[in-house]
Amino acid sequence: NHTLLTEFVLAGLSNYPELQHLLFFTFCLIYIITIIGNLLIFMVTLHPTLRMPMYFFLRVLSFLDISTASTVALKMLVNFQSEDRSISYMGCATQLYCVIFFTATECYLLTAMAYDRYVAICNPLRYAIIMNSRVCLSLVLLSCCSGNVVSVVQTAWVFTLPFCRPKEINYFFCDIPPLIMFSCTDTSSYEKQIITATVLVIFTPFCLILVSYACIISSILKISSAEGRHKTFSTCSSHLTVVTLYYARGTLIYLRPKSSNSQDTKKILALIYTIIIPTLNPLIYSLRNKEVKRVLINIIAELRKITTC
């Protein structure tokens with residue numbers, strides 16, 4: 001029997017009432033750090049000395065990180081402090097669309113950032129011509145359009161499934177794996193569609209990134225100076241770290257949506273890419289990028305002068 005559902009109930013991270021306040025303050029702090037960190041990166045990269053395409057992409061990445069964290073964290077924080085953990089049918093669909101859109105767009109954006117590093121290192125003399133403002137904006141718009149297509153298709157597929165089981169979702173936000181387990185129909189064909197989408201969104205961009213870095217490493221090895229090799233590779237290390245963190249989690253969650261992995265394991269993996277990675281990205285890019293650190297230190301010094309006056 002198919003049940004017409006008007007709302008779902010999000011079970012959250014833990015069923016233990018005594019942990020709710022601790023979880024609330026923990027993730028509230030993490031969310032605040034995420035917002036402040038990404039806003040700082042956004043503001044720092046607006047500095048006149050940081051007008052390279054890399055920093056334009058970094059601003060877009062910060063916006064996507066804030067959006068992803070806000071889509072998931074705000075509802076989660078409300079649920080920690082409320083006995084009513086329900087989310088409407090349309091609210092659930094909207095949250096799923098937003099999460100897929102922001103994360104898929106970020107996957108494609110990371111590919112654009114890899115291409116930018118490839119041009120900067122392998123074609124330095126033509127870098128300004130190839131990576132002009134029009135090309136950079138086109139790459140961002142292409143990433144957003146691709147993310148939108150993936151999100152619309154995946155959300156539409158999920159919410160055409162008939163739901164006939166109890167409406168409580170053992171998850172902290174509306175995501176594909178718990179929702180398809182919620183369906184009372186055979187979802188094997190849909191799981192194949194998810195795997196296809198995973199290949200398009202994760203493996204195809206990841207392969208392009210690998211090709212870019214293969215060319216980058218080849219160019220770096222041709223540099224005679226060890227200091228020069230280190231300096232050149234350091235400009236890519238931050239991006240490579242983020243790529244490794246970001247693509248690994250998607251593979252583990254979506255490649256086998258009905259795998260034998262426990263729901264708690266999937267919650268942890270989902271928590272990493274929706275909350276933790278957006279918090280780490282500003283730290284990774286600021287701590288490993290000398291130009292960002294220099295501008296950030298100068299801004300802090302100027303603010304101190306203003307406050308002491």
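We'll stop at a helix pair and then at a cavity.

This is a predicted model, with local features needing pLDDT of at least 70, side-chain atom pairs counting only at pLDDT 80 or more, and totals for chains, interfaces and linings using all residues. Residues are numbered from 1 along each chain as its sequence is written, and side-chain values use heavy atoms, with hydrogens and water left out.

Start by selecting residues 89-122, helix 3, and residues 188-221, helix 7 (helices are DSSP runs of H or I, at least four residues, numbered from the N terminus). Their axes come within 9 Å and cross at roughly 15 degrees (axes are lines fitted to C-alpha atoms over the stretch in contact, with angles from 0 to 180 degrees between N-to-C directions). That makes helix 3 roughly parallel to helix 7 (angles under 35 degrees).

Now show side chains where the two meet (heavy atoms within 4.5 Å). On helix 3, pick residues including Tyr 108, Thr 111 and Arg 117; on helix 7, Pro 205, Ser 212 and Ile 216 are among them. By class, this contact has 18 nonpolar, 3 polar and 1 charged residues (Ala, Val, Leu, Ile, Met, Phe, Trp, Tyr, Cys and Pro are nonpolar, Asp, Glu, Lys and Arg charged, and the others, Gly among them, polar).

Next, select Leu 10, Ala 11, Gly 12, Met 76, Asn 79, Phe 80, Arg 85 and Phe 172, which line the second largest cavity (on a 1 Å grid over the protein atoms alone, points where a 1.4 Å probe fits but cannot get out; lining residues have an atom within 4 Å of a point). Helix 2, residues 53-80, gives the most to this lining, with 3 residues.

Definitions and conventions. Helices (H or I, at least four residues) and strands (E, at least two) are DSSP runs, numbered from the N terminus. Angles under 35 degrees count as roughly parallel, over 145 as roughly antiparallel, 65 to 115 as roughly perpendicular and the rest as oblique. On a 1 Å grid over the protein atoms alone, a cavity is a set of points where a 1.4 Å probe fits but cannot get out, and a pocket is an open set with protein on both sides within 12 Å along at least five of seven lines; lining residues have an atom within 4 Å of a point.
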